[in-house]
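I opened the notebook to look through this structure piece by piece. Entries follow in the order I made them.

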Amino acid sequence: MPASGNKYKTIFISDVHLGTHGCQAEALLDFLKQNTCDSLYLVGDIIDGWRLKKRIYWPQSHSDVIRRILTVARNGNRVYYILGNHDEALRKWLNFDLRFGRVRILNRQDHIAVNGKRYLVVHGDMFDGLMQKDLKWLMHVGDVAYNLLIWLNIKFNTVRGWFGMDYWSLSKYLKSKTKEAVSFVDGFEEKLAAYADQKGYAGVICGHIHCAAIKNINGIEYLNTGDWVESCTAIVETHDGEFKLIDWSANINRN
């Protein structure tokens, strides 16, 4: 969908990974300035605690994203922060009514859409087999490899920018061509859809795998917000009750 400013009922974003070099904070700021909403869902991995534990990287643009989110909340809009695996350190405090200013921090949330249907909003890492305790070390190894891929992606697009070419995600392309990655994505989507069906939801809205999508899986609406590292995508709900996938990648600042 072409980039444009709008007023939506709800905006869902995930996998921003503030605190990493790959985070497209400027593009996200532009998106949040041009697109407003009544409710904002931050669907996990907004702040990358894994990276920040190893090395502090926090430019002004990352603080500006936090400031913009808090402004959305201060203006009276509902803001929900759904925790993911990269910001999982806060999960041990979820027995309390955990808030950051007016931002509610949760593990999952039910969303009653304009169409009257009930959707599960969850990051999705608990449906990833690698997040089981005995395999979690492998997830961290994969995170290192992924960050190397993102570094290559940044360099690749810097060169493209020199020649006036648009942003193009090398990392996303390589993942789409890997059989194992495609199989993992398909399995993840099917697990989430099956769980939503079992619990009586009309659909599920998630993140985690950095693969934006809106699709029907065995009668369940599956919506994945994508990310703000490779794709710069969001799911929005219009006041007419339609869910749309927004691609903001054309607005990535290559300078």
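**Entry 1: the sheet.** I am working from a predicted model. I began with an open sheet of five strands. I read its order as E6-E7-E8-E10-E9, with mixed pairing. Which strands sit at the edges? I found strand E6 (108-112) and strand E9 (213-217), each of which pairs on one side only. I then looked up the twist, which averages 20° from one strand to the next.

I noted a general point for myself: strands of a sheet pair through backbone hydrogen bonds, parallel or antiparallel. Next I took the pairing of E9 with strand E10 (residues 220-224). These two run antiparallel, and five bridges join them. I picked out isoleucine 214 and found its bridge partner in E10 to be leucine 223.

**Entry 2: two aspartates.** I turned to backbone angles. Most residues other than glycine have a negative phi. Aspartate 15 has a positive one, near 50°. I located aspartate 15 in the loop between strand E1 (6-13) and helix H1 (25-34). Is aspartate 15 buried or exposed? I count aspartate 15 as buried, because its relative accessibility is 0% and the cut-off for buried is under 20%.

I placed aspartate 45 in the loop between strand E2 (35-43) and helix H2 (49-54). Aspartate 45 has 2% relative accessibility, so it counts as buried.

**Entry 3: leucine 90.** I found leucine 90 in the loop between strand E3 (78-82) and strand E4 (99-100). Its relative accessible area is 32%, so I list leucine 90 as partly exposed. What does leucine 90 touch, leaving aside neighbours within four places in sequence? I wrote down Leu83, Leu98 and Ile105. I also checked leucine 106, which is 16 residues from leucine 90 along the chain. The C-alpha atoms of the two leucines are separated by 9.2 Å.

**Entry 4: threonine 238.** My last stop was the loop between strand E11 (233-237) and strand E12 (243-247), where threonine 238 is found. I looked up its accessibility and got 11%, so threonine 238 counts as buried. Which residues does threonine 238 touch, not counting those up to four places away in sequence? I listed Tyr8, Lys9, Val114 and Lys244.

How values were computed
Residues are numbered from 1 along each chain as its sequence is written. This is a predicted model: local features need pLDDT of at least 70, side-chain atom pairs count only at pLDDT 80 or more; totals for chains, interfaces and linings use all residues. Side-chain values use heavy atoms; hydrogens and water are left out. Helices (H or I, at least four residues) and strands (E, at least two) are DSSP runs, numbered from the N terminus. Buried means under 20% relative accessible area, exposed over 50%, partly exposed in between (1.4 Å probe, protein chains only). Contact means heavy atoms within 4.5 Å. Two strands pair if DSSP finds at least two bridges between them. Axes are lines fitted to C-alpha atoms, for helices over the stretch in contact, and angles run from 0 to 180 degrees between N-to-C directions.
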